Amino acid sequence: MRGSGLNWQGLMEQLQQALPHCAVTEQSLAYFKYPKRTLSVNLPVRMDDGTVRMFRGYRTVHSTARGPSMGGVRYRAGVNSHECEVLSAITTLKAAVADVPLGGATGGVDVDPETLSAHELQGLTRRYTSELVELIGKQEDILAPDIGTNEQIMAWIYDAFAEDVGEASAGVVVGKPLMLGGTYRSKDARGRSAVVIAQRILDAQGLPLKNMTVAVYGHGSTGRRAAQTLAELGALVVAVSESDSATYASGGLDVAALAEHHATQGTLHGFAGGTDITPAEALELDVGLLVLSHDYGTINASNAHSVRARFLVEATNRAVLPEAERYLAGRGVQVIPDLIASIGGVIVNYLEWVQGASNFFWTEDEIVAAIDVRVNAALDDVLATQKDRNVPDLRTAAYVLALDRLNNAVVMRGVYP
């Protein structure tokens, strides 16, 4: 379901719509238009059969204007440097909207992790870390989980870095297991923030979330948390989908039972409490809310005309491509953008980084409260920007807010040398 339209030009065109509402200089805009650096590396890995296979890896640091860079590492077939550059820029914007002292980065390896054994995956991860070791660190560039990576891979990165530099540094990687300095709710924060933001926007328009029909596309940690939270708030989660399977129940799915079914069967198909449908059909359902938590480009030019949901929530970066969003806006469909809807991921990563730097760890209740406070504050700032600057939509308002904060940082720091 991923379109081919993830490109730098599309991002720049959307930013152009924000510029008339910003106080951005050409100098600071130039800093945004060009990533700080992009690195590509070849990664030789000894496979279980004794052969050596070469993989291609990447890491883009987009900006360090507001602090060290932070961003995901994705293991996905077809990952390339351009993808990393666009996603790193979006992470820079998101960190600025969240008002955390970080810039954006993204990296990855062109690999399908499902084709590797645990031993091969560990070897690939350690080699990737070793190639980056001189460029990453708690005050340089912090690595986080993304598509195809998890807390085990983050643990391997943490250990490989410690072995290479001779010193354990909890701050070099986030999304770690709790026993290695991770934080509570690191898997849940993005899905939770998507629901918190959506509920507030719906409430402001007099549309209660209770009994609203919802479809969730993507059943990873973000999608599961979003579905669970929506169900707890009284919404009817009528469909849940992945890229290869989906299930539907007009009266609402038992999302807890569905999660258990998926964990044991590895698919959403065959769930006793629903009817099998195709992923494409899940995107075409006539629902109040469609939560997109899979990957970029889920809604693109080829399928936007089939979308019948009233609201789309980008619980992952760039789930709705610009050409699709323009078409949907013309039909009165509102997109709740990634820069605020999925902001919980940036916030919880920031909190883990702070805990690692201070070696002081908060309780689970304190983490949840801190996430909610910052998520709501970010939405307050975006809504205030939209009103004060007379900005037409939430995405543009988020861009305006982020660019202003980046501009302030660049102007204050100046140009070196």
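In the predicted model, residue N42 stands opposite R56 of strand 2, a pairing that belongs to the antiparallel arrangement in which strand 1 (residues 37-46) is joined to strand 2 (residues 52-61) by 10 bridges. The two strands form a hairpin with 5 residues between them, and within the turn G50 adopts a positive phi of about 95°.

A further element is an open sheet of 7 strands, arranged in the order 9-8-7-6-10-11-12 and with mixed pairing. Its edges are formed by strand 9 (275-277) and strand 12 (334-336), each of which pairs on one side only, and neighbouring strands of the sheet are turned against each other by 25° on average when direction is ignored. Helix 6 (residues 189-204) lies across strand 10, strand 11 and strand 12, and runs at about 140° to strand 12.

S69 is found in strand 3 (residues 69-75), and it counts as buried because its relative accessibility is 0%, where the cut-off for a buried residue is under 20%. The side chain of S69 makes a polar contact of 2.8 Å with the side chain of D141.

How values were computed: Residues are numbered from 1 along each chain as its sequence is written. This is a predicted model: local features need pLDDT of at least 70, side-chain atom pairs count only at pLDDT 80 or more; totals for chains, interfaces and linings use all residues. Side-chain values use heavy atoms; hydrogens and water are left out. Two strands pair if DSSP finds at least two bridges between them. Helices (H or I, at least four residues) and strands (E, at least two) are DSSP runs, numbered from the N terminus. Axes are lines fitted to C-alpha atoms, for helices over the stretch in contact, and angles run from 0 to 180 degrees between N-to-C directions. Contact means heavy atoms within 4.5 Å. Buried means under 20% relative accessible area, exposed over 50%, partly exposed in between (1.4 Å probe, protein chains only). A polar contact is a pair of N or O atoms within 3.5 Å; within protein, one must be able to donate a hydrogen and the other to accept it, and residues adjacent in sequence count only if both atoms are side-chain atoms.
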